Each structure stands twice: as C-alpha cells, then as structure tokens.
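Please keep the viewer open as you go through the points.

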Amino acid sequence: MLHPKEQILNVLTYTLLALVAFCAILLLCDISSQRERFFSSNRDSVALDLSLSHTQEVLLRSDPEYRGRNVNCTFWDCLNIYKCEHDTLKVYIYPLQEFLDEKSDKVATTLSSEYFQILEAVLNSRYYTSNPNEACLFLPSLDLLNQDVFDKHLAGPALASLNFWDRGENHLIFNMLPGSAPTYNTILDVNIDNAIVLGGGFDSWTYRPGFDVSIPVWSPLLQQANAVPATAHAAVHRKYLLVVAQLNLLPQHARHFRELSLDANNAEQMLLLGPCDNNELTTRCNKMHHQKRWEYPRVLARGKFCFVGHSLRVGQPDLLEIMSQNCIPVLAIDNYVLPFEDVIDWSQAVVRVRESEMHSVMRKLESISNVKVVEMQKQVQWLYSNYFKDLKSITITALEVLESRIFPLQARSSRKWNAISKNSRSTFNPLFLNSLAPKSQGFTAVILTYDRVESLFLLIQKLAVVPSLQSILVIWNNQRKSPPHLSTFPTISKPLKIIQTRENKLSNRFYPYPEIETEAILTIDDDIIMLTSDELDFGYEVWREFPDHIVGFPSRIHVWDNATMQWHYESEWTNQISMVLTGAAFHHKYWSHMYTYAMPGDIKHWVDDHMNCEDIAMNFLVANITNNPPIKVTPRKKFKCPECTNTEMLSADLNHMRERSACIDRFSKIYGRMPLRTVEFRADPVLFRDNFPDKLKRYNDIGSL
C-alpha cells in the first residue's frame, strides 16, 4: 500500500507525461501542416492564372537602339545547366503583364489567341512549375510570335524588366514570324540577349544548332479545316502530280510555274492556283479554267506533291497546311531549317529541290516510285498527327527537344522520333543496342575468291594472327575449277571452311551462311593483303561501338553532276565519304539476311547479272534503313594488290566506273530518294601518330596513306 503522498506524486507524474505527449503531438501536426502549406504554396496555391482580369500593368521606357542577340550562344555557354537539377524539365511561366510606354501609354504587345494556347499548353503539361526556384527554363508571358504586331523598341525593355531575366539566361522566346519590311530578317529584331529562340523562320545563317529550336509557322486555317484521314485519298490515286497553291511566292518562282503549266506534258499533271477576286484565304482559283474556285486547303488533297517556295519570309504556314492534307511537301527554300530538324528525319517525308534547279522539279517527281510515294505520304501523316496537328503538340514537342538536350540519357532515339509504330511493315533499325557487342565473340572473315590461290593463302595467313578473328570462311566462286584441297591451305590455329558456290555471283559474299556464328562479319577480297593485324583488330573494335554501321577501310563518295543531272561515282581521294567498299569492311550479319531476302526492287538480280555494284547496293541498303553513314577507319587509302595483275581484277575494266555511276542512279530511283549520307569522319586509334613509346600504344602497326 503506497503512501498517500506517493500516490499524489505518481498522479502528477503521469499527468505531466500525458501533457508532454499531447504537446509533442500538436507540435508534430503543426510542423507537418506548415510543411504541407509551404510546398503547396510553392506549387499549387500560386499556380498561374491566365485570366485576363489578372493582368498586371508595367510602365517602360522605350529603347531606341536595337542591340540584337548573342549570335555566338551555344548550349555550353549561354545555358545555366545548374538550374536544371531535376530529372525532368521544369518551366516557369511569368504572370500575365501588360507593358506600357510611360510617355505615350503605347502597349508593347497584346496577347494573341495563338500565344495563349502555347502558355496554356505549358501550364497544363508535366513541364510546368509555379516555383521559380526549381525552374530550369523561364517562359515570358510577352507575346512575340508575330513581329508585325508588336513594338520592337518596347519589347526589349519589357523582357529586361522581368524578375529573373539575367540577360535572357535560360529564357524561352517563341517567335513564328520574324523580321519586318523591307528586309524581313530571319531572326527576331528584338534585344533578347542570351535567350533560346523557338523560331519559325530560321535559315542556316541565323540558327544556332543545339541551342535554338526550329518550330513551324502555325496557320489559322488549320483550326477551321479538318485533317484528311490517313486512309483517305491515297497518294498514288490522286489526280495531280503537283499542286501549287501558295499565294506569296516570289515573282520569279510564280513565273516559272506559269511557264511549266504551258507545257502540254505538265498541263494534266500540275494544278496551278492563285488568289480569287475576293482575295479570301480559304479559296483558290485557276485562272486557266474560267476562274474555277477551289476550297483551300482541301484542294491540296488532290495532289501527290504540293509546293512550298521562297517568299519574303523563309518560314511559311503552307508547310503545315500541306501536311494536314496528307500531301507530300516539295520544298524549294535554300538554307531553310525545317521544324525540329534536330530530331525529325525530313528526308522520309519531304522532297527538297534547290531553287536554281526548279526547272527539273516535274522530272524529279516523276522519277519517284509509287511505293515510295505511299511511304512518304504515311510518314507525312504520322509526323503531322504526332507533332504538328495543333499548337499544343508543337509546344510540347519543342519542350521535349529541349529536354533531350539537357537530359540526353532520357532522350528518345532517332528511330522513336521518326518511326510509325502502328505500321508493322515500316522499316526501322533493328540494331539499336544498349551495350557494346561482346568482345569475346570476335568476327568471321568471309573471303570471296575465284582463282587467285597465292594471294588467298597469303591473306589467310595474315588474318589468322588477328586476335579478334573467330573463324575464316572461303567462298570459292569458280564453278569450272574445284578449290584446292584443304590440306594444301596454310596451317592456322583458327577454324577454316571452304564453300564452293553453284553460280558465280558477287552476292554470294553476303549470303547468310549457317557457318557464320558471330554477329560481326568481315567481308574481304582475296587481294586485300596489305592490311595489318592492328588495322583489322582496330576496325573490329570500332564496329563493336557502332554495330549498325558498315565499318571499313576503302571509302568512296557519290556526287551530283549538274551537267548530266545524274549521280556520279567518285573514287578520288577526298576528306568526304558516303560509302565504304565491302572488299574490306565489317557489318552485322543481319545485313546479310536483309541483302539476300529483303533487297528492294531488282537490285540484287541486277548486281548478279552485271557482276558489279554489290558493295554500293549494301551501302544503299544499310543507309536507307538506319539513315547513318558508314565509318572509315585508319588513314590507309591505297588498296591495290602488288602481287596481282590488273587484267585479273574486275575494277580494271574501263567500263567499270561508268557502270558504278549508273548503279547509283538506278538504285536511287528504286529507293525513291538518295539514302547515302556524306560525312567528313574517320576513326583512328588514340596516340597512333604521337611520339610515344610503342609499349604505351595499343595499336602500333597502323598503315599510312
């Protein structure tokens, strides 16, 4: 039995403990609620209100001097990447403000419905943040889309007055119609300092690659007209080959098409339209046929191809109007930077014509096959519906392009930017590998030979000492003579097998023989005996990093001959390459399957019949699917066999070069485009030319020119 005093003390103790616990709970709840209120105040509770009734007035002093922008800005020196600390792009939008000249009360700019839609698209996207402290990029609410409707002397001070402007660092400027009369510059005539321009009128002189973003010029007509369904009006069944309905063409271009329309051969294939008497944008008239009226842009759906030419401004709304009707744009604007050109492969959807070569536009369009026309039309429809169908799509795409630059590890691949995912028959590159090809696997050397036994044996001996070689496969292409007995071949430590073909075909080098167990194949001619072990091993290492490319040693280039209006095969030594000859080149075994079973048209049969151009055909095939150029390795350019006489070599024939030029012309017509990519690039080992001890170099025996 406790003493009464002890009982009282215990009661007081428990009461005090209960009071302390209660206070602690209240304190935790208060801290939690304050923390919640803090974060919500920084995000949701102060979310931007786009109601015009909440517009703030700001007085400005006009700036009589135009200082322009920083033309030297790059991603590395005008963008503060340290503000982008999150895994996703965050964009802060400034509150709506009305900027007034303090002397005249003149408004700097008014908010258009188009820019309102852009702001709304960002506000409702995953990119928006109401907290400027966590923003990576900043978007002014100042409407600078059309330079014709705002005061450029007030726009600069208005931008400079923004709270976080800091000379435009990390700021976005949307502009679709830059410049004004009479010069019509291709960039905004406003002091934007270091801001990123999302512009619709860039040419190659004003565009800052990797920093600015090229966007399309929006057309108000697209809000009224419905896009043509993908299944409607197949391009091959459309009445006209070319529709020309652009109203603001330069006079010389308009005159050129009038002359073309007078040609009887073109009259039935080309529809030339101009403005009607009422000058309405939604109608076009053909003055050659008693002012017949056509509804615009619906009339564009009557043509396979639709023309977009140069006007006073480089960027034109006609491009999106044409795409909305599933018509393939024919673009004749030199140096124009197409929308989202960094990520979109426009060669699959647009036919580009030089302004100086417009006289041949009809002939060029006639040469495109119906199969290619259908593919291009599907690509046009897919690009339009995914990236250009409305201002919201354009805005979100532009932000995703910026996000892919800032967070490249999260960026979409080129295939995903351009692939038609719903079309199971569309071509795509199957070799987008997440890691390097396994080094331990090595490569299989496939040697195509006919009767040069001495050089064949010498080549086998040289290949056998290459560390990454796994096996050798000799393709004996001579049916009149049996290959030497295996016992007469050089004794080597690697597996060696001989296959005698049934017919003498150059395509036999690309047949997917079951004996090939490696992913990498080295196709090599029996007279290529000058390559060293280090060169071949280094070539394989380069292929491991770029397994979807052709990687090899002898390179060539294709050039356009303005005199003959044809492609020309060039074997002279240049710094540019567009082909790597498969007489000594690595490729993935997938391409052997594609060459044998999926070569377009009659290319494979033509190669076998003419005993020429199998290497050009392989370069076309890979470039058409991957849109990637080949890779030349090491500086060596001499590949003549000193032990072989020229009379035995196919390339000694005087007609050989002419046939190869004809091959390029023929193949480009079958593909409907020129898939070969020209680059100035060569892969060399690190330190191979530097004055370092040989023991510090991995590859010492790298040949010279």
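Buried means under 20% relative accessible area, exposed means over 50%, and partly exposed covers what lies in between (1.4 Å probe, protein chains only). The model is predicted, so to speak of local features a pLDDT of at least 70 is needed, side-chain atom pairs count only at pLDDT 80 or more, and totals for chains, interfaces and linings use all residues. Residues are numbered from 1 along each chain as its sequence is written, and side-chain values use heavy atoms, with hydrogens and water left out.

**Strands and sheets**

- Helices (H or I, at least four residues) and strands (E, at least two) are DSSP runs numbered from the N terminus, and two strands pair if DSSP finds at least two bridges between them.
- Four bridges link β5 to β6 (residues 196–199) in the parallel sense, and L172 has I196 in β6 as its bridge partner.

- All five of the five residues in β23 (residues 584–588) are buried.
- Both of its faces are covered, with A584, F586 and H588 on one side and A585 and H587 on the other.
- β18 (residues 520–525) runs antiparallel to β23 and is joined to it by five bridges; here A520 stands opposite H588.
- β19 (residues 551–552) is also antiparallel to β23, with two bridges, and G552 has A585 as its bridge partner.

**Aromatic pairs**

- Rings of Phe, Tyr and Trp (its six-membered ring) pair if their centres lie within 6.5 Å; planes under 30 degrees apart count as stacked, over 60 as edge-to-face and the rest as tilted.
- The structure holds 26 aromatic pairs, among them the tilted pair of F457 and F489, at 4.8 Å centre to centre and 55° between the planes.
- Because F457 lies in helix α11 (residues 453–464) and F489 in the loop between β16 (469–476) and β17 (496–500), this pair ties together parts that are 32 residues apart in sequence.
- F457 is buried at 17% relative accessible area, and F489 is buried at 5%.
- The W560 and W567 rings have centres 5.0 Å apart and planes at 70°, so they make an edge-to-face pair. W560 is partly exposed at 30%, as is W567 at 22%.
- One aromatic cluster is formed by F340, W346, W382, Y387, F388 and W417.

**Charges over rings**

- A charge sits over a ring if NZ of Lys or CZ of Arg is within 6 Å of the ring centre and within 35 degrees of the ring normal.
- The charged end of R412 sits over the ring of W417, 4.0 Å from its centre.
- R284 lies over the face of Y296, at 3.7 Å from the ring centre.
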